[in-house]
Amino acid sequence: MKRHLLVGKLGPTDDPTVLTRIDEVRSDVQLLNAGGMAYGVQTALNELRKFDLVPNEIGIDLLALGALVYAADTRIARATEAQDGWTREIRISLPVSDVAAWERARPVIDRALGFLSGDRWEIEFRTRPVGKGRLGGDAPLLNTDLGGVNLFSGGLDSLIGAIDSLAADERPLLVSHAGEGAGSKAQYLCHAALKAKFPQRRFEWVRLPMVFAHDLAEGVGSETSTRARSFLFFAFGVAAGTALRRPFDLKVPENGLIALNVPLDPLRLGALSTRTTHPFYMARWREIIAALGIDGSLSNPYWAMTKGEMVDACADKPFLMTIADKSISCSSPAKLRWAGYAQGHCGYCVPCLIRRASMPDGDPTRYFLEDLGQRPLNSAEAEGVQVRSFQLAIARLRDRPDLAKILIHKPGPLYDHDLDDQGRMAGVYARGLEEVGRLLDGVRTRPR
């Protein structure tokens, strides 16, 4: 087990004095190259500039911080670098445009990251080196007519969010993180379908392609849990929002059952409980935005809805059902390669089961495990683990409906929300489980 320090550097002459502590491994990450910002950031900035959009310098700082967080999260293996096999100790040193602003935000950033990934984070800020005061370039004189920012992951929820915004003529800027193959392909397919459906609507789409060398931290393996990926995604969305040069709302479309992500059984904590869009984490991001003096906010319009309710309430459900199969929801679509199949929906992971339950009539999606009820599923193997966990959680809540008000607190605190909000969260949790329960009625599992 080793502690890790990532030092972000702005150019070859940036040689900061950052003391390395005992048992701490330092890795320098060069954030600039000959073409501008490294690791795909400049590509995203160039795409934004095509639409006369230039993030302000705080926005550029956010992109740099998001990159370092993503680098640490994906290139420091938990198995070897964490004392308990999960919790890593990560320190980041970042040059920023306004140290005072970032110091105001630092405590809540540390807290947000710790809640999100389960690691111990320590973020330190220093002044950018001489000559690097402006990295984004001059902003255009004319303001854009784009009205807000929508996260666009390529999933079904984000597709519904985009359809609803376009149907309401909101003129959104769609932003994506270009990750693994299936998600990236889904983004292209969904965007093309939206362009064909809404040719007269004003909206644009930008992507942030980002990848780091596997040997970024010398002698350390990569990590696949990617619990902090949404920090990069949110950072990109907020940075893009600053380019609008007006108050903006960053919409994060996610159904309430996934956003809460209540553990399905008492053992599903830590490694098995993601907090990507959890209400507590979203609240911390609103605090970060305010502390940095950014004139914007962040919201999930669908936090009180199940996925099925999102589908049914979509502003153009008939259109959605014709293109839903272009979106991707599977937690790890690449795993099908090991079985000799193309990437796609496995049909038995938690997101796949919630997706299947949301479209009980006419789901156009192809699943690797097409028929859940054809035979008993082995709950000692991947095909039956999540099905069995859902069945146990559903049975428990059916026996004691009052448990919903208690269980919604299991993934993390909800003290930012009043009792009415928490009552609605308990409601969406119960309705979400019932939605999946209807899918799994009659599905048999073999005990471990």
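Okay, so look at Arg284: in this predicted model, Arg284 lies over the face of Phe280, at 4.3 Å from the ring centre. The charged end of Lys195 sits over the ring of Phe203, and the distance to the ring centre is 4.4 Å.

Staying with rings for a moment. How many aromatic pairs does the count come to? Eleven. Let me pick one of them, Phe231 with Trp285. Their ring centres are 5.1 Å apart and the planes sit at 45°, so we call this pair tilted. Now, Phe231 belongs to helix α7 and Trp285 to helix α9, so the pair ties together parts that are 54 residues apart in sequence. Both Phe231 and Trp285 are buried.

Next, helix α4. You'll find α4 at residues 99-117, so to speak, 19 residues in a row. From first C-alpha to last, α4 reaches 25 Å, close to the 27 Å expected at 1.5 Å a residue. If you trace along α4, you'll come to a bend of about 45° at Arg106, with a proline, Pro107, following within four residues.

What about the two ends? At the start of α4, Asp98 has a side-chain oxygen that gets to within 3.3 Å of the backbone nitrogen of Ala100. After α4 comes Gly118, and the phi of Gly118 is positive, near 80°.

Which residues of α4 are buried? Among them are Trp102, Val108, Ile109, Leu113, Phe115 and Leu116, and also Asp110 and Ser117. And what do the buried residues of α4 pack against? Quite a list: the helices α2, α3, α7 and α9, plus the strands β5 and β6.

Last stop, Ser327. Ser327 is in the loop between α11 (317-323) and α12 (350-358). Is Ser327 buried or exposed? Its relative accessible area is 1%, so Ser327 counts as buried, since the cut-off for buried is under 20%. The side chain of Ser327 reaches the backbone oxygen of Ala324 at 2.6 Å. A polar contact of 3.1 Å also links the side chain of Ser327 with that of Arg355. Leave aside the neighbours within four places in sequence, and Ser327 is still in contact with a set of residues including Gly154, Gly155, Leu156, Cys190 and His345.

That's it from me, happy to take questions.

Note on methods: Residues numbered from 1 in each chain as written. Predicted model: local features only at pLDDT ≥ 70, side-chain atom pairs only at ≥ 80, totals over all residues. Heavy atoms only, no water. Helix = DSSP H or I, 4+ residues; strand = E, 2+ residues; numbered from the N terminus. Expected span 1.5 Å × (residues − 1). Bend = angle between axes of the 7 residues up to and from the residue. Buried < 20%, exposed > 50% of the residue type's maximum accessible area, 1.4 Å probe, protein only. Contact = heavy atoms within 4.5 Å. Polar contact = N/O pair within 3.5 Å; in protein donor to acceptor, adjacent residues only side chain to side chain. Phe/Tyr/Trp six-rings, centres within 6.5 Å; stacked < 30°, edge-to-face > 60°. Lys NZ or Arg CZ within 6 Å of the ring centre and 35° of its normal.
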